[in-house]
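Colleague: I'm new to this one and could use a guided tour. Can we go through it feature by feature?

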Amino acid sequence: MRIPILKFHDYLLISIQMELDDKTALQFQEDLLNKIHDTDAKGVVIDLTSVEMVDSFIAKVLGDVVKMSNLMGAKVVLTGIQPPVAITLIDLGINMRNVPTSLDLEQGLDKLRLELEG
């Protein structure tokens with residue numbers, strides 16, 4: 001199953017509405033990088049509100065997606081991170097220090113606009 005990636009102006013919007021398995025996470029990573037390349041997107045908002053738990057592999061893939069997107073010139077904002085996901089990311093040492101976060105998709109879009117304009 002693929003995760004839909006929507007284009008909105010210069011941004012890509014992703015709302016992950018399922019628990020991620022390894023195959024879906026890797027497909028998402030590849031799809032997002034291709035979409036950034038194809039659309040020349042300047043920013044990405046990834047909404048994790050429906051993701052209640054991640055394992056070490058999924059946490060690593062999320063961290064890699066952020067780093068790879070930044071390398072391609074697209075700023076990433078993560079939204080809706082649930083407490084167990086935050087705990088897993090920190091426990092595994094996934095570096096999200098410079099990754100903007102917001103409570104929801106709307107605030108994430110606002111933060112992305114500020115990041116790109118400022």
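Colleague: How do the axes of helix α1 and α2 cross, and within what distance do they come?

Modeller: A word on the ground rules: this is a predicted model, where local features need pLDDT of at least 70 and side-chain atom pairs count only at pLDDT 80 or more, while totals for chains, interfaces and linings use all residues. Residues are numbered from 1 along each chain as its sequence is written, and side-chain values use heavy atoms, with hydrogens and water left out. Helices (H or I, at least four residues) and strands (E, at least two) are DSSP runs, numbered from the N terminus. Axes are lines fitted to C-alpha atoms, for helices over the stretch in contact, and angles run from 0 to 180 degrees between N-to-C directions. Here the axes of α1 (residues 22-39) and α2 come within 10 Å and cross at roughly 5 degrees. Angles under 35 degrees count as roughly parallel, over 145 as roughly antiparallel, 65 to 115 as roughly perpendicular and the rest as oblique, so α1 and α2 are roughly parallel to each other.

Colleague: Which residues of α1 and α2 make the contact?

Modeller: Contact means heavy atoms within 4.5 Å. On the α1 side they include Leu-26, Phe-28 and Leu-33, and on the α2 side Phe-57, Val-61 and Met-68 are among them. By class, the contact has 11 nonpolar, 2 polar and 2 charged residues; Ala, Val, Leu, Ile, Met, Phe, Trp, Tyr, Cys and Pro count as nonpolar, Asp, Glu, Lys and Arg as charged, and the others, Gly among them, as polar.

Colleague: Is Thr-24 buried or exposed?

Modeller: Buried means under 20% relative accessible area, exposed over 50%, and partly exposed in between (1.4 Å probe, protein chains only). Thr-24 lies in helix α1 and has a relative accessible area of 6%, so it is buried. Leaving aside neighbours within four places in sequence, Thr-24 is in contact with Met-1, Ile-3 and Met-18.

Colleague: On to the sheet. What is the order of its strands?

Modeller: The general idea is that strands of a sheet pair through backbone hydrogen bonds, either parallel or antiparallel. Two strands pair if DSSP finds at least two bridges between them. In this model, an open sheet of 5 strands has the order β1-β2-β3-β4-β5, with mixed pairing. Its edge strands, β1 (6-8) and β5 (101-102), each pair on one side only. Helix α2 (residues 56-71) packs on the sheet, touching β3 and β4 (75-79), and its direction makes about 150 degrees with that of β4.

Colleague: How many bridges join β2 to β3?

Modeller: β2 (residues 11-15) and β3 (residues 43-47) run parallel, joined by 5 bridges. Leu-13 has Val-45 as its bridge partner in β3, and Ser-15 stands opposite Asp-47. β3 and β4 also run parallel, with 5 bridges, and there Val-44 stands opposite Val-76.

Colleague: How many residues of β3 are buried?

Modeller: β3 is mostly covered, with 5 of its 5 residues buried. Gly-43, Val-45 and Asp-47 point one way, and Val-44 and Ile-46 the other. For β4, 4 of its 5 residues are buried.

Colleague: Last one: what is the phi of His-9?

Modeller: Most residues other than glycine have a negative phi. The phi of His-9 is near 55 degrees, a positive value. His-9 sits in the loop between β1 and β2 and is exposed, with a relative accessible area of 61%. Asp-40, in the loop between α1 and β3, has a positive phi of about 55 degrees too.
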